[in-house]
Amino acid sequence: ERINIIKETFETVSSLYLELPPFLETVTNKMNEISTNINVDNDIQEFLNKNKTGAVPPAIIPYETNDLYCSLTGTTPKHTGGNIIEKDPNNLANPDSQNQNQDSSKEPADQEKNVDHLQTQLKELKQEIKDEVKSKKGLEKLVKYYANDPPAQQGAIEELEEQKKKVKHLKKKRNRLEKEINDILNPGSNNNSSMSDQNYEQEELQDNEGTAENLTLQIIDTVTALYDYDATNDTELSFREGDVLNITEKDESGWWFAVFAGKSGFVPKNYLDV
């Protein structure tokens, strides 16, 4: 049985090989016929006729002479076509005039879009500044609250300084945006610029008030304790009924910061005669 299978296989393979030459010859003849009938020029022209858009090519860009180069070398510049435009000597002497002419040629609609985009950026930036200033004030409170814990206070001071740098950077960015918008809306005006500088200097003074050296405990109120209170952790302050406490910070949470008997900490507002 095995020999019969081998025999049949050989016969099948042999018959296939006998059929291949005529098939290959037919395919080869067909390929030669197709390649002979190809006309390159006609095919390219036919493709162009079917796919041309009818667009008109742009005009040749005018050539601008380089007056300085010509005067130094005594040569005439070569150009491929188009009219030669002589450069305006006034523009050569004052290159800023070119930029002014380009700016003045901008469409009002483009300027409005640019201003709208800048004002959107400014609005988002002001909100970011507001949030970061709020965080800065929170860190200023922490510096005060950790008065009895020097290691924790030092950590709060370092965080405060980093936050101040971040706020300062954002405010400078805001001032640049305001100046850019003003220059577009009021070209040649320096009034708003000087006002922006004054506002920046005033903000600098306010920021400096928040330095670690200036974060001393300022007494803003004096109250009497209504009940005894025992602190539950290191950040709170114990007191007894009738004790007089100096309040340095009032928080909306109901926990105020107080100083008493040389110590400081949080106290519950509802235990005080306010």
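Aromatic rings of Phe, Tyr and Trp (its six-membered ring) are taken as paired if their centres lie within 6.5 Å, with planes under 30 degrees apart counted as stacked, over 60 as edge-to-face and the rest as tilted. By this criterion, Tyr227, Tyr229, Phe239, Trp255 and Tyr271 form one aromatic cluster. The model is a predicted one, in which local features need pLDDT of at least 70 and side-chain atom pairs count only at pLDDT 80 or more, whereas totals for chains, interfaces and linings use all residues. Residues are numbered from 1 along each chain as its sequence is written, and side-chain values use heavy atoms, with hydrogens and water left out.

The chain contains eight helices and seven strands, assigned as DSSP runs (helices H or I, at least four residues; strands E, at least two) and numbered from the N terminus. Mean pLDDT, the predictor's confidence in each residue from 0 to 100, is 75 for the chain, and 69% of the residues reach 70 or more. Among the elements, β3 has the highest mean value (94) and strand β2 (residues 84-85) the lowest (45). The pLDDT is below 50 over residues 79-87, a stretch that has 19 contacts in the model beyond near neighbours in sequence; contact means heavy atoms within 4.5 Å. Of the contacts in the chain with a separation of 6 or more, 50% are between residues 24 or more positions apart.

Five aromatic pairs are found in the whole structure. Tyrosine 229 and phenylalanine 239 are stacked, at 5.7 Å centre to centre and 25° between the planes. Both residues lie in the loop between β3 (221-225) and β4 (244-249), so the pair ties together parts that are ten residues apart in sequence. Tyrosine 229 also forms an edge-to-face pair with tryptophan 255, at 6.3 Å centre to centre and 65° between the planes. This second pair links distant parts of the chain, as tryptophan 255 belongs to strand β5 (residues 255-260), 26 residues from tyrosine 229. Burial is assigned from relative accessible area (buried under 20%, exposed over 50%, partly exposed in between; 1.4 Å probe, protein chains only). Tyrosine 229 counts as buried because its relative accessibility is 10%, while tryptophan 255, at 32%, counts as partly exposed.

In the chain of 274 residues, 22% count as buried. A nonpolar core is defined as a set of buried Ala, Val, Leu, Ile, Met, Phe, Trp, Tyr and Cys residues joined through side-chain atoms within 4.5 Å. The largest such core has eleven residues, namely Val223, Ala225, Tyr229, Leu237, Phe239, Leu245, Ile247, Trp256, Ala258, Val267 and Leu272. At least two residues of this core come from each of β3, β4 and β5. A second, separate core has ten residues, including Val115, Leu122, Val133 and Leu177. Within the largest core, phenylalanine 239 is in contact with residues including Ala225, Tyr227, Leu245, Val267 and Leu272, leaving aside neighbours within four places in sequence.

Helix α2 (residues 40-51) has twelve residues and reaches 17 Å from its first C-alpha to its last, close to the expected 16 Å, the expected span being 1.5 Å times one less than the number of residues. Glutamine 163 is located in helix α7 (residues 150-185). This glutamine 163 counts as buried because its relative accessibility is 12%. Residues up to four places away in sequence not being counted, glutamine 163 touches Glu132, Ser135, Lys136 and Leu139.
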